[in-house]
Amino acid sequence: MTTTAVAPAVTTTGAADVRTRRQLAALAVGFPLWAAVSVAQAATRAGFDILRHPLSLLSTGDLGWLQITNFVVAGVLAVVGALGLRTALHGTPGGVRAPRLVAAAGIGLVAAGFLVMDPGANFPVGTPDDLPIVSWHAVGHMVAGTVSFTSLIAACFVLARHLTRAGRRRLAIACRVAGLSLALGWGWAMGGGAAGTLTLAVGAIAAMLAVAGVAALVRREV
């Protein structure tokens, strides 16, 4: 009697887990990368003052392509990461809404990259201090930013609920604080508060890092 060799079964689950981990890694890296590139430019671009200028203004001038690319890359990585979140959080609290919110934030970032702000507030150097926002793409940038900020705030609170249910209360608190810092920082900036561009930047980076941190945590458990 002859025997037939049977090849070991290759399950789709293993391949799916690898794909999910890669997608989550994209999110875990994308948001911190955006923050690092933005802060580096804010510290080195001539004439840029974080107390007066929003980070989005870095998309203008001769080196504006750096921030434009930063927006687009971070947005694409966020959308990819949202796919991983959808798989990893399936069937858990926030498993539907969190990925959708992260994807919306990513799409907003991509749009914000292509829809560049108008120069203003004496940046780039030589730009009139009182130059008004008049272009369609500047208005589009603000709309895209609204989508991203709103989605990030909501994502922080939805992920906080997930973490609370999972017994990770400290991390849940960190997510809520990050979401609240963006909501307050954004509101302060829109209300014309002193150093509003700084409070907005701090809030946006805090929310991004919180979401990225959750992605990194979930990745380890896939």
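Colleague: How many aromatic pairs are there, and what is the rule for a pair?

Modeller: The rule takes rings of Phe, Tyr and Trp (its six-membered ring) and pairs them if their centres lie within 6.5 Å; planes under 30 degrees apart are stacked, over 60 edge-to-face, and the rest tilted. Here that gives 3 aromatic pairs. One of them is tilted: tryptophan 34 with phenylalanine 71, at 5.6 Å centre to centre and 55 degrees between the planes. Keep in mind that this is a predicted model, where local features need pLDDT of at least 70, side-chain atom pairs count only at pLDDT 80 or more, and totals for chains, interfaces and linings use all residues. Residues are numbered from 1 along each chain as its sequence is written, and side-chain values use heavy atoms, with hydrogens and water left out.

Colleague: Which parts of the chain does the pair of tryptophan 34 and phenylalanine 71 tie together?

Modeller: Elements here are DSSP runs, numbered from the N terminus: helices are H or I with at least four residues, strands are E with at least two. Tryptophan 34 sits in helix α1 (residues 12–44) and phenylalanine 71 in helix α2 (residues 64–88), so the contact joins parts 37 residues apart in sequence.

Colleague: What kind of pair do phenylalanine 48 and phenylalanine 123 make?

Modeller: Their ring centres are 5.4 Å apart with the planes at 85 degrees, so that one is edge-to-face. It links distant parts of the chain, 75 residues apart: phenylalanine 48 is in the loop between α1 and α2, phenylalanine 123 in the loop between α3 (97–114) and α4 (136–165). Phenylalanine 48 is buried, with a relative accessible area of 10%, and phenylalanine 123 is buried at 1%.

Colleague: What is a pocket here, and what volume does the largest pocket have?

Modeller: On a 1 Å grid over the protein atoms alone, a pocket is an open set of points with protein on both sides within 12 Å along at least five of seven lines; lining residues have an atom within 4 Å of a point. The largest pocket has a volume of about 820 Å³. It is lined by 39 residues, with Pro54, Ser56, Met117, Met190 and Leu200 nearest its centre. The elements giving two or more residues to that lining are α3, α4, α5 (169–190) and α6 (196–221), and α4 has the largest share, 7 residues.

Colleague: And the second largest pocket: what volume does it have, and which elements give two or more residues to its lining?

Modeller: Its volume is about 160 Å³. Among the residues lining the second largest pocket are Arg86, His90 and Arg100, and the elements giving two or more residues are α2 and α3.

Terms used. Buried < 20%, exposed > 50% of the residue type's maximum accessible area, 1.4 Å probe, protein only. 1 Å grid on protein atoms, 1.4 Å probe; cavity = no way out; pocket = protein on both sides within 12 Å on 5 of 7 lines; lining within 4 Å. Points joined across faces, edges and corners; volume = space filled by probe spheres on them.
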